[in-house]
Amino acid sequence: MVEDVLRVIDLRAEFRSARGPVKAVDGVSFSLQPGRTLALVGESGSGKSATALAIPRLLPDPPGRVTGGQVLLRGRDLLELDPDEMPRVRGREIAMVFQEPASALNPVMTVGDQVAESVRTHRRPGGPVRAAVIEALARAGVPAPEKRLRQYPHELSGGLKQRVLIAIALACGPSVLIADEPTTALDVTVQARILDLLAYLGRRLGLALLLITHDLGVVARTAERVAVMYAGRVVETAPVGRFFRSPLHPYSRGLLEAARMTRDDTGSFRVIDGAVPDLADLPSGCRFHPRCAVARLRAACAGPPPPAREAGPGHTVECWYPGEAAVGRAWAGCARAPAGPRPAAAEVNSRSAGL
Amino acid sequence: MLVCEDLVKTYRTRRSVGPARPAVDGVSLGVAPGETFALVGESGCGKTTVARMAVGLLRPASGRILLEGRDLARMRGRELMTLRRQVQIVFQDPAGALDPRQTVGGAVAEPLLLHRLGGPSWRRRETERLFRQVGLGPREMGRFPHQLSGGQKQRVLIARALSLRPRYIILDEPVSALDVSVRAQILNLLAAIQAELGLGYLLISHDLAVVRNVASRAAVMHRGRLVEEGPVEEVWSRPAHPYTRALLKAIPVPDPALRPEPPSSPPPEPEADPVGARADSCLYESLCPRSARLCRRRRPRPERADHWVACHYPLILRRRDDPGPPR
Amino acid sequence: MGRGGSLAGLNIMALAGAGLILGVVALAIAAPSLAPTHPDRLSLEESLEPPGPGHPFGTDYYGRDVASRVLFGTRVSLAIGLSAQLIALVIGVVLGALAGYFGGWVDTVISRAIDIFLAFPDLLLAIGIASALGPGLPSILLALSLVGWPGLCRLVRGEVMAIRERDFIQAARAIGAGHAWMLARHVLPNVAAPVLIASSLGMGSRILQEASLSFLGLGVQPPLASWGSMVHYGLRWLSRAPWLVIFPGLAIAVAVLGFHLLGDGLRDMLDPRLRD
Ligand SMILES: Nc1ncnc2c1ncn2[C@@H]1O[C@H](COP(=O)(O)OP(=O)(O)O)[C@@H](O)[C@H]1O
Ligand code: SF4
Ligand code: SF4
Ligand SMILES: [Mg+2]
């Protein structure tokens with residue numbers, strides 16, 4: 001068993017709003033290991049970004065506030081740390097990459113200066129900064145790094161900007177990298193290269209990577225483990241292989257069906273009914289129950305919320321009826337064979353990829 | 001049929017010296033009633049420009065837009081108004097496409113009012129009917145856009161597009177801004193409407209999984225030009241253009257078994273935009289693994305067929321004697 | 001949530017401003033019944049009496065009751081301020097909307113005009129126009145409106161240019177909407193909030209500018225009296241009868257404060273960039 005670099009235990013954070021506290025993170029737990037990637041997936045507003053920001057204590061306060069839990073970095077609770085110590089932790093230990101590469105770079109500073117800034121603040125003084133900057137850019141796969149030093153962000157493509165941000169994040173050798181939707185703003189071909197880069201760097205540098213995404217395709221391509229977030233809670237955690245083969249939480253199943261665009265007998269795409277709940281006004285009981293097909297037959301779902309339960313090696317799920325299918329409706333998300341009038345996209349892709 | 005013929009559009013930019021490269025360069029495509037034709041490509045390749053020309057929001061520099069054989073560009077006044085009604089558009093960002101100060105009921109009734117269709121009570125009933133048709137209740141009619149979820153807003157915009165009883169709808173990234181769980185709801189709705197009304201859809205998308213699952217034909221666009229077109233099945237299973245194949249390979253498939261080998265060296269980012277690319281070369285040339293001298297010298301032109309490609313060295317070789325379907 | 005807190009969703013600053021303005025307007029309307037005497041009633045034996053039971057704000061050189069004159073002056077000051085602001089509003093919104101919506105040479109012409117007007121300090125411009133045209137009601141109105149429109153026009157132009165780029169304008173074009181329809185239904189309703197805010201602030205400025213012109217003797221002429229003209233005529237008795245200046249001056253301050261509070265409060269309430 002690899003040792004955990006970062007353990008998040010029962011983390012809670014909320015935003016004050018006119019309608020009362022919005023519990024964006026409501027008891028989230030997971031751990032990160034060196035050289036491995038955990039994907040945190042969920043739809044918008046499920047609390048992924050709030051979790052990402054709460055870990056390095058970057059949640060904007062006000063309106064945000066961490067209200068409980070622990071963030072243990074090699075056993076040290078970051079939430080207990082003196083605020084003055086945080087800047088050293090950020091960057092040197094935990095680095096972040098955000099969704100919008102365009103707005104994360106300073107438009108009036110050269111690329112070289114921005115990377116140098118990161119190199120300098122976290123390095124013993126006196127070192128050869130220029131060489132370190134070039135090395136950082138090269139490591140992030142930026143072609144002709146010497147040429148980039150004098151360029152401004154607007155002269156770079158979206159993919160290159162994201163690489164510069166990765167170079168900045170990794171310049172001072174962090175052990176944890178939090179990437180919040182790092183490829184959402186990019187085109188698929190660019191996305192594929194950035195994901196490969198992250199996977200490569202993660203293994204090469206022994207980074208513990210928390211990859212936040214809404215795209216299960218990205219998860220399957222990059223992560224070893226997955227945590228599904230719904231309305232502020234992690235409802236299922238599993239190794240990637242297990243998860244895609246046999247997800248247990250009805251919401252995970254719904255997400256997977258949606259991502260695979262599976263169809264029902266009538267040829268319609270399978271849907272998750274309804275919409276994400278209002279985090280200031282959560283349903284009682286299991287927070288998924290108003291949308292859950294299983295819950296319609298089970299009274300327990302409206303009762304006390306289900307606790308996290310072990311469902312196999314490294315597999316936990318928060319559901320009273322894990323793996324159960326609603327009556328009259330077999331779960332079809334896994335179907336490799338043609339589902340509905342057309343073969344599943346996955347199969348066709350595997351064929352075309354093999355050309 | 002809604003037909004775009006050899007559309008060209010160049011945006012004037014302040015920065016560039018000399019003539020800019022066209023944003024859309026000789027794009028031709030046709031949408032038949034009841035059919036979904038997809039235009040796929042990455043951001044900035046010119047998809048939205050084509051969409052805006054097809055609904056008449058932009059005037060092409062050259063080329064024609066034919067609706068049932070009649071050229072939209074030659075029409076003026078009333079005639080144009082009536083013809084315009086037959087092609088409607090649904091935008092990508094449902095929040096932005098609704099006027100924040102107008103109730104959504106007002107937004108759906110607006111086209112009826114604008115085209116002076118029916119009286120107030122008929123319009124009200126018609127609006128209610130449209131709301132029901134897209135799966136919204138009359139209760140929602142008095143709401144403002146910010147009171148609805150993204151999926152509900154997109155339903156409102158679909159109702160609005162339907163209000164003029166068009167025959168074609170341009171769907172410009174209709175589900176890109178929506179969560180996956182809502183995406184299926186909207187796609188089902190669009191399919192049901194198409195089945196009921198026999199509409200022709202021009203689906204513009206960068207999401208190849210969506211296109212694969214809802215379109216019958218697709219054209220792949222790259223830097224303003226179409227590089228390949230054909231039945232979706234064909235293009236997906238036997239992509240002929242190197243760019244199409246790269247695009248298909250890049251889609252992250254939700255199945256870890258299909259994960260590509262992890263790279264053993266940092267995957268490099270190709271040089272951004274080879275500005276030097278000449279109009280008379282292949283614009284994929286700098287990235288193409290098959291590129292050869294001919295590719296830099298001559299712009300590949302398609303040989304029109306049911307499944308065609310604009311490439312000097314396509315991945316599937318056509319038999320010399322293959323006549324293909326008539327042009 | 002904006003600065004200054006809120007009460008039942010309404011901004012406290014806006015409420016306070018609205019309260020002050022309503023109070024001033026009520027006084028103007030009720031002037032005939034509230035005023036102790038007719039504002040023009042001369043009573044030479046009561047000349048320059050200090051504030052007291054008979055004359056709460058004292059009397060002027062001719063023995064006229066200052067309280068009555070301030071009350072009736074409210075009508076004049078508000079009416080001039082409001083009319084000037086309305087004229088400025090119409091000019092500013094029409095020209096600003098045209099410039100912002102159509103762009104091109106229309107915009108160039110209008111923008112240059114705005115630049116020229118904004119190149120002069122407001123008051124200097126007003127004084128110049130008023131003295132060129134000679135004193136009198138029409139010339140004050142013209143001077144104040146010409147000072148007021150460029151700011152509004154530039155605001156409207158900027159807002160309209162931003163709105164023109166939004167998707168819902170494209171969406172309206174796609175259903176076949178023409179320019180007039182678009183401006184009336186989608187563009188102008190969306191600039192209403194900032195225009196309202198600017199107009200409230202503008203009202204304060206117009207009242208102040210009217211007072212300044214009148215103070216300089218370029219404003220309303222006797223027997224009509226505005227707050228500003230009262231200060232103008234009271235000034236020569238400043239050492240003997242300061243109440244002639246103090247009370248109309250206070251009235252000006254209260255009204256201007258009211259409009260500024262309302263404007264700032266509305267900005268906090270309506271500006272979506274400050275909300276949430
Ligand atoms: N700065 C903020 N102020 C108030 N509420 C916020 C803020 N940021 C996020 N939220 C709320 O917190 C919840 C979770 O948001 P977020 O973490 O961004 O979710 P995700 O990243 O999964 O899309 C949402 O309801 C969102 O509206
Ligand atoms: S506990 Fe019940 S409602 Fe919640 S996910 Fe499980 S089956 Fe559905
Ligand atoms: S024409 Fe040449 S460079 Fe262009 S895609 Fe075909 S093989 Fe590649
Ligand atoms: Mg987020």
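**View 1. Residue classes in the shell around ligand 2 of the predicted model.** The shell around ligand 2 has 11 nonpolar and two polar residues, and no charged residues. In total, 13 residues surround the ligand.

View 2. Leaving aside residues up to four places away in sequence, B:Glu285 touches B:Ser291, B:Cys295 and B:Arg296. The side chain of B:Glu285 makes a polar contact of 3.0 Å with that of B:Ser291 and one of 2.9 Å with that of B:Arg296.

**View 3. Area buried between chain B and chain C.** About 1800 Å² is buried between the two chains, and carbon and sulfur atoms give 55% of this area. On the chain B side, B:Leu57, B:Arg101 and B:Leu114 lose the most area to chain C, together 29% of what that side buries. The contact takes 23 residues from chain B and 17 residues from chain C.

**View 4. Polar pairs and chain B elements at the interface with chain C.** One salt bridge is found across this interface: C:Asp167 pairs with B:Arg52, with the closest N and O atoms 3.8 Å apart. Seven residue pairs, both members at pLDDT 80 or more, are in polar contact. In chain B, α2 (77–84), β6 (87–90) and α3 (104–114) each supply at least two residues of the side that touches chain C. The largest share, four residues, comes from α3(B). By class, this side of chain B has 11 nonpolar, five polar and seven charged residues.

Key:
Residues numbered from 1 in each chain as written. Chains lettered and ligands numbered in written order. Predicted model: local features only at pLDDT ≥ 70, side-chain atom pairs only at ≥ 80, totals over all residues. Heavy atoms only, no water. Polar contact = N/O pair within 3.5 Å; in protein donor to acceptor, adjacent residues only side chain to side chain. Contact = heavy atoms within 4.5 Å. Near = heavy atom within 4 Å. Nonpolar A, V, L, I, M, F, W, Y, C, P; charged D, E, K, R; others polar. Buried area = accessible area lost by both parts, 1.4 Å probe. Salt bridge = Lys/Arg side-chain N within 4 Å of Asp/Glu carboxyl O.
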